[in-house]
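Keep the sequence and the model open side by side as you read.

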Amino acid sequence: MSQSFDEISAQLKRRHRKSARLKWLSMGALGLAGLFLVIFFADMLGKGLPAFQQAQIRVEVTYSEQSQQLPLAAVNEDVRELVSRGWLRTLPMMMRDNPQLLGTSRQEWVLADGQVDQYLKGHYTRLDDDEKEIVDALAEQGRAELQFNTTFFSRGDSKMPELAGIMSAAMGTVMTLLVTLAVSFPIGVMTAVYLEEFAPDNRLTQIIEININNLAAIPSILFGLLGLAIFINFFGVPRSSPLVGGLTLALMTLPVIIIATRTALRSVPDNIRHAAFGVGCSRWQVVRDHVLPLALPGIMTGSIIGLAQAMGETAPLIIVGMVAFIPDISASVTDAATVLPAQIFTWAGEPDRAFVEKTAGGILVLLTILIAMNATAVVLRKKFERRW
Amino acid sequence: MQTNQLLLLFSGVLLLLGLIAFFMGRAKAARVRSTGTSMYAQPDQYAWFTVLATAGPAVLVGALGSFVMLLLGAEIPTLYLLAGSLVVSCVGLMIGMNRVRPDFHARQAIERVIRFILAGAALISIFTTFGILFSIISEAVRFFQMHSFWGFITGTTWNPGASFLEAAGRADDAASAAQFGSVPLFAGTFMITLIAMLVAIPVGLMSAIYMSEFAPAKVRTLAKPVLEVLAGIPTVVYGFFAAITVAPVIVTIAGALGLEASFNNALAPGIVMGIMIIPFISSLSDDVINAVPDSMRQGALALGMTRGETIKHVVVPAALPGIISASLLAVSRALGETMIVVMAAGMRPNLTANPLEDMTTVTVRIVAALTGDQEFESAETLSAFALGLVLFVVTLTLNLVSVIMIRRFREKYRVNNL
C-alpha cells in the first residue's frame, strides 16, 4: 500500500475543507452585495431625511406702505438676514391680494434662510458669529425650529435652497410617463400579439425578433441621440418637452413590454386556443376574447416594470434637453419640463452645499415611488399568477 | 385657423363619420338578415367593416400627406389635406356600405386589416433601429467630412474647445485648431469598465454560485429580490452616491496610503458601476448554472468528488459559455453607462493608467458636447454622433457575440427558457 488510510483521510479532510471554503467565499460575495445595499440606503437616508424638515423662525411682520415698496422693511433689522429672501419677495404680492393686511403687524412663522436651516441642522454654514448668536437665542426662546418641509413637496425648482422643491419635476415625470405609456403600451402589446399569434415563421419575423433583443441592449444614451436627430431636428417636436422625452423613453420601453407580453402570451396554454377555434372563432376573436384577457396580469406586470425603468432614466432625457430650470409647473406636454431624475442631476451639480440634502431628499422620493411600483408589480403577479 | 384646432375638428368629424358608418352598416345588415337571407357574418362585423372602410383610408391619406410634407418639403396646406382625407373617408363609407351584402366575408376582411395593423406595429421596432443608425451615421458622416476618420481613431489629443474659432474662420491659427483624437476617451472608458468588471464579475458570479448550489430555499427567495433592488436603482442615484460618498472615501484612503487621488478619480465611478452590474451578472449566471443538467452533478458526486470540486470542475466549465455571454453583456452595459460617469468621472481627457487620476469617457463627452452652448452644426456637437457611432458598433458587436454564445450553450443542453 503506497498510501496509508491516514494519508487518504487527511487528503479527504483537505478536500472537504476546500469545498467548505468555496461555500463561505460565495456566501461572502452575496453578503458583500447585501452590504453595499445597506450602506447605500443608510447613506441616502442619512443625507436625505433632513431635507424633509425646514427651519422656520417666528418674527414680527409689519405690513406697511413701506414694506410694500421695500419688503426688507417688513421684519426687524436683527433678523433681516435670517429670513428667506424668496419669502420676502412674495410679500408685496400678498399685500396686494389681501388689502386688509395693510397697517397691521403680527407674529408669524416664516421661512428661514437656507443658511439658518443648515446651521440648525448642524452643518457647515456661511453665517457669521453674530448671526449664529441670534439664531441660538431664537432657538432657545422656541422662536426658531425645524418644521415639516411643505415647500419641498409643493414648489418647483429654485436657486434658493429653502425654496427649491420637487413638484414641477414630479409633474413633468407624470406627463412624460403618460406619453411613454400611451405610445409604448399599445405598440408593444400589438407587436407581441403579432409575433406570438399571427406571424408566420419566416425571415422577416426572425429579423424582428433579433432586432427587439438587440434594442433592449443598446445603451440608453443612443436613444437620446435618436430623439435629438429624429424627433427634434426632423419632426420638429419642441425641445425639452415631455412629448419628446416621452417618445424617446417609449422607444426604450418598447422592448421591455414586448418581451414581457410575449412571455405572458406564451404561458396561456394552447387548450384555450384550440377550444376557441373549435367553436368557430376567428384568429383575432381568439386573441381578443380569450388569450389577451388571460395574459393581461402578466402584461400589466411587465408594463409597470418597464415604466419604472423609464422613470429612472436620465441620460436620453438630458440629450433631448429635459434638464431645463423649471420653477413653475408646466401646463402641457409641449412646454419645457423636467423630470425627477433630471432634477436630481441638476441639484447634484449645484455648488451650494444645502443642495446636497435636497438632492438626497429627491432621491428618497424617487426611490420610494420606484419601490412602490415594483412592489405593485410583484403583488399583481402573485395575486393573478395561474398555474395551468 | 390654428393647426391644432384643425386637427381637433378633423378628428371630431372623422369620429362622427365612423359612428354613422357603424350604425348604417349594422342597420343595413340587420335589414338584409331580417328578410330571411343567410349572411356570412354578424351585423356587428359588417358594422365594424364599414367603420374600417371609412376611417382607414382617411387616416392613411392624412399620414401620407404629412410624411410627404416632411420628407419632400412639399407645401400642402393642412386645410386641403384634411378636407381631402375627409372626402376620401366619405367615399370609403359609400364603398363600405355597398359591400354589406350576404355573400361578403366581413369577418375575414376585418381579420386581414387587423393582421396588417399588427404587422405594422411590429415593424416599428425595426424602424427604431434604423432611426438610431440613420441619425447617428448621417451626423457622423458630416463630422468626418470636417475631420479625418484616421485622426479620430488614432489621435491622442481631444481638444474640441477651440472649434468655435474654426466656425469663426480662424482655423488656420496653429494654437486654436480643434483636435478630435478619441484615444484618451476610449482609454478612460475601458479603464472604468475594467474596474467595474473587476468588482462585478467575481461578486456576481460567486453570489450566483452560492444561490444556485449552496443556499437553502429561504435564503434564495430573500436574496433574489434584494439583488433586484440593486438593479432597480436609477443610474443618476448611483452617480450621486459615487460622487458624494465614494469618491471622498477613496481620496481619504489614498491620502492615508500616501497617494495623491483626484476627487474625480476613475476608481469611484468604476466601483459603483460594478455594484450596479452585480445583479445583472448574478441573475444571468444563476439562470445558466440552473440550466446545467442535474445528471452531470449526480455523476460527479457519484465519483466521489466533493461539492466544491463538482462546482469547480463540472458545473462552472459546463456553464462557461453562458457566463461569458453574461459578462459580455455586462461589458456592453458598462461601456454605454452614462450618468455615473457624467456625475463622478472627470471632464478632462487624460491618457493615463493610474485609476486615481481623473479621466473622461465617451459618454461623458457625448453629453458635454450636446449640452454645451455650441450650435448644432459645429464640429464639437457633431463629434458626439461620431462617438455614438463607435459606441453603437462596439456594443452591437458585443451583444451579437453574446447571443451566439448563449445559443451554443442552449443547443448543447437543449434548454429553452434562456
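V100(B) sits in the loop that links α3 (78-99) and α4 (106-146) of chain B; helices here are DSSP runs (H or I, at least four residues), and strands are E runs of at least two, each numbered from the N terminus. This is a predicted model, in which local features need pLDDT of at least 70 and side-chain atom pairs count only at pLDDT 80 or more, while totals for chains, interfaces and linings use all residues. Residues are numbered from 1 along each chain as its sequence is written, and chains are lettered from A and ligands numbered from 1 in the order in which they are written.

Is V100(B) buried or exposed? V100(B) counts as buried because it has 24 C-beta neighbours inside 10 Å. The rule is that a residue is buried if 20 or more other C-beta atoms lie within 10 Å of its own, exposed if 12 or fewer, and partly exposed in between, with C-beta atoms placed from the backbone. Leaving aside residues up to four places away in sequence, V100(B) touches G25(B), K28(B), A29(B), Y46(B) and T50(B). Touching, or being in contact, means that the C-beta atoms of two residues, placed from the backbone, lie within 7 Å. V59(B) is 41 residues from V100(B) in sequence, and their C-alpha atoms are 22 Å apart in space.

Staying in chain B, look for helix α14 (residues 362-371). This helix is largely enclosed by the rest of the structure, because eight of its ten residues are buried. Those of α14(B) are V362(B), T363(B), V364(B), R365(B), I366(B), V367(B), A369(B) and L370(B). Their cover includes parts of both chains: α9 (220-232) and α13 (315-319) of chain A, along with α7 (183-214), α12 (307-336), α13 (339-344) and α15 (379-413) of chain B.

Now turn to the place where the chains meet. Here 65 residues of chain A are in contact with 69 residues of chain B. Helix α1 (residues 5-48) of chain A gives the most to chain A's side, with 18 residues. By class, that side has 46 nonpolar, 14 polar and five charged residues. For these classes, Ala, Val, Leu, Ile, Met, Phe, Trp, Tyr, Cys and Pro count as nonpolar, Asp, Glu, Lys and Arg as charged, and the others, Gly among them, as polar.

Follow α1(A) to α7(B): their axes come within 7 Å and cross at roughly 115 degrees. Such axes are lines fitted to C-alpha atoms, for helices over the stretch in contact, with angles running from 0 to 180 degrees between N-to-C directions. Residues of α1(A) including L25(A), M27(A) and L30(A) meet residues of α7(B) including V203(B), M206(B) and Y210(B). The contact has 13 nonpolar, two polar and one charged residues.

The axes of α10 (residues 242-266) and α12 (residues 283-312) of chain A come within 8 Å and cross at roughly 150 degrees. Among the residues making this contact are V256(A) and A260(A) of α10(A), and G298(A) and G302(A) of α12(A). The contact divides into 13 nonpolar, nine polar and no charged residues.

Finally, step back to the domains of chain A. An automatic or database assignment sets the bounds, giving domain 1 (50-149) and domain 2 (167-384). Their centres, taken over C-alpha atoms, are separated by 44 Å. Eight residues of domain 1 of chain A are in contact with six of domain 2 of chain A.
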